[in-house]
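Colleague: I am new to this structure, and I would like to know what stands behind the words used for it. Please take me through them one at a time.

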Amino acid sequence: MRNGTSRREPGMRTALAAATAVIGLGATALTALPAAAAEESVAVRYRHGGAGSDQAAPWFTVVNTGTTSVPLSQVKLRYYFKADPGASYSYACDWAVKGCTHLTGTFGTPANPTAMADRYLEVGFTAAAGSLTPGADTGDVQLRFHRSDWQPSDQSDDYSFGPAQTTYGNWTKVTATIDGVQVWGTAPTGDEATPTPTPTGPSPTTPTTPPVEQGVLFDDFDYAGHTDPAITTHGWTIRSGGGGPGVGDATWAPENVTFAKEGTNSVMTLRTSTAGSGTSTRQTEVHTAARKFKNGTYAARVRFTDTPTSGPDGDHLVQSFFTINDLTAPMADDYAEYDFEYLPNGGWGETVNVLYTTSWETFRPDPWEAVNQHTETRASQAGWHDLVLTIDDTALVYYIDGKEFARHDARYLPERPVSIHFNQWLIDLAGLSSTATRAYEEQIDYLLHVKDQVLTPAQVAARVAAYRSNGTAFEDSVPAS
């Protein structure tokens with residue numbers, strides 16, 4: 001526990017990289033051409049990716065059903081949908097076997113729009129995507145698109161939408177052309193595109209600007225160091241002094257919180273060290289000063305490590321991302337805490353590395369009594385992981401690297417707001433009997449909280465990509481509780 005308690009019971013993997021860009025509505029006309037030669041043919045397999053009410057998620061696999069190799073740069077797919085009046089749309093690639101950088105997405109308008117198809121998303125490949133030999137396929141092409149203002153979209157009247165298509169299968173409501181010749185699918189009435197006027201607003205190369213909305217905290221952790229005044233201005237506290245959890249007499253050391261660029265992103269590093277005694281132990285924690293968060297989505301990209309950066313290995317270490325409020329009295333039912341906690345060397349009775357997600361109702365520190373629900377996996381989690389927790393009025397759902405890891409009951413939902421924390425600390429000194437100095441590091445790439453909205457991991461990735469492409473390193477529009 002935090003807030004002075006020294007013992008804990010068992011308390012992460014997600015993100016898909018998404019590149020989002022506003023796409024103009026113009027498209028060149030598709031010229032009617034003779035049928036392609038029989039030796040050049042592809043089939044389109046489709047499944048509904050299920051990205052939520054504010055995004056469409058058409059996923060594809062393109063299969064070469066002909067007898068000769070097909071350059072993917074000559075292949076175009078069209079997914080038809082009914083646009084909302086006056087709306088512009090943004091395209092994103094979440095993941096593709098061929099690589100998202102080797103895909104293109106543009107929007108156009110059919111020459112003869114229908115009630116279910118007055119717009120289409122045209123998907124293409126660059127030359128770097130290579131060719132498909134006979135019988136080969138592209139592998140997954142996982143795409144999304146959404147209104148540029150992130151308003152909800154109704155897909156039920158979209159020509160190409162197949163909500164029951166939850167596994168890949170041939171889908172003729174998506175068309176495919178090879179070098180301009182249609183070889184697959186049935187287009188809605190008319191497939192000759194009429195160029196549309198260039199819309200007002202952002203140009204096709206302008207990054208998508210995240211919508212201005214109340215209830216978002218985003219931080220890319222782009223700071224000069226632990227004394228940077230912007231840290232406090234942005235609502236964070238770097239813990240100092242003593243107190244639990246963990247080893248008695250340990251110190252929480254602000255100077256062990258550092259910031260540095262890794263590629264184009266700024267990364268926060270929490271460093272914890274010890275020489276085998278309480279007084280030599282330096283732990284680290286960064287948390288929001290305010291408790292103003294409750295329902296919604298919590299997400300962070302976190303790097304766990306199995307081994308120290310220096311010195312011998314074996315300490316009972318906890319690396320975490322969690323939310324918490326204060327325990328007002330033993331067994332108080334308005335306590336709340338929700339954890340991702342990784343123990344690379346075991347602890348709490350575990351002898352191997354273990355990852356816990358834990359939802360707390362309450363506890364008593366002395367004598368110890370706990371009411372919580374936890375899910376665990378005993379395997380190494382070394383490396384970067386995208387962690388997402390969603391809280392609504394029915395459940396708490398934990399995701400690791402885009403996959404649901406745990407779903408906890410409504411009895412553990414928060415009654416009061418919480419704060420958001422990252423910390424790294426030692427449970428005890430029993431894991432390693434040594435006076436040699438050793439140090440461990442946990443790293444954090446970003447933090448995103450969206451108030452009162454349940455986002456999928458793909459939606460989280462899109463939001464983060466949009467902030468970064470727009471050059472936004474920090475935003476806090478979450479009202480005080």
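This is a predicted model: local features need pLDDT of at least 70, side-chain atom pairs count only at pLDDT 80 or more; totals for chains, interfaces and linings use all residues.

Colleague: What makes the rings of F363 and W368 a tilted pair?

Modeller: Rings of Phe, Tyr and Trp (its six-membered ring) pair if their centres lie within 6.5 Å; planes under 30 degrees apart are stacked, over 60 edge-to-face, and the rest tilted. The centres of F363 and W368 are 5.6 Å apart and the planes are at 40°, so this pair is tilted.

Colleague: How many aromatic pairs does that rule give?

Modeller: The count comes to 27 aromatic pairs. One of them is F81 with F107: their centres are 6.1 Å apart and their planes at 85°, so the pair is edge-to-face. F81 belongs to strand β5 (residues 75–81) and F107 to strand β7 (residues 103–108), 26 residues apart, and the pair links distant parts of the chain. Their relative accessible areas are 1% for F81 and 0% for F107, so both are buried. Ring pairs also link Y46, F60, Y79, F81, Y89, F107, F145 and W171 into a cluster.

Colleague: What makes a stretch a strand, and how do you know that β23 and β24 pair?

Modeller: A strand is a DSSP run of E with at least two residues, numbered from the N terminus. Two strands pair if DSSP finds at least two bridges between them. Ten bridges join β23 (residues 354–365) to β24 (residues 368–377), so the two pair, and they run antiparallel. S359 stands opposite Q373 in β24. The two strands form a hairpin with two residues between them, and P367 sits in that loop, joined to D366 by a cis peptide bond with omega about -5°.

Colleague: Is D249 buried or exposed?

Modeller: D249 has a relative accessible area of 64%, over 50%, so D249 is exposed.

Colleague: How do you know that C93 and C100 form a disulfide?

Modeller: A disulfide is a pair of cysteine sulfur atoms within 2.5 Å. The sulfur atoms of C93 and C100 are 2.0 Å apart, so the pair meets the rule, and the count comes to one disulfide. The torsion about the S-S bond is about -70°, so the disulfide is left-handed. C93, at 4%, counts as buried, whereas C100, at 25%, counts as partly exposed.

Colleague: What makes something a cavity, and which residues are closest to the centre of the largest one?

Modeller: On a 1 Å grid over the protein atoms alone, a cavity is a set of points where a 1.4 Å probe fits but cannot get out, and lining residues have an atom within 4 Å of a point. The largest cavity has a volume of about 80 Å³, and a volume is the space filled by probe spheres set on points joined across faces, edges and corners. Of its 14 lining residues, Y89, F145, S153, Q155 and D158 are the closest to the centre. Strand β10 (residues 141–147) gives the most to this lining, with three residues.

Technical notes: Residues are numbered from 1 along each chain as its sequence is written. Side-chain values use heavy atoms; hydrogens and water are left out. Buried means under 20% relative accessible area, exposed over 50%, partly exposed in between (1.4 Å probe, protein chains only). Helices (H or I, at least four residues) and strands (E, at least two) are DSSP runs, numbered from the N terminus. On a 1 Å grid over the protein atoms alone, a cavity is a set of points where a 1.4 Å probe fits but cannot get out, and a pocket is an open set with protein on both sides within 12 Å along at least five of seven lines; lining residues have an atom within 4 Å of a point.
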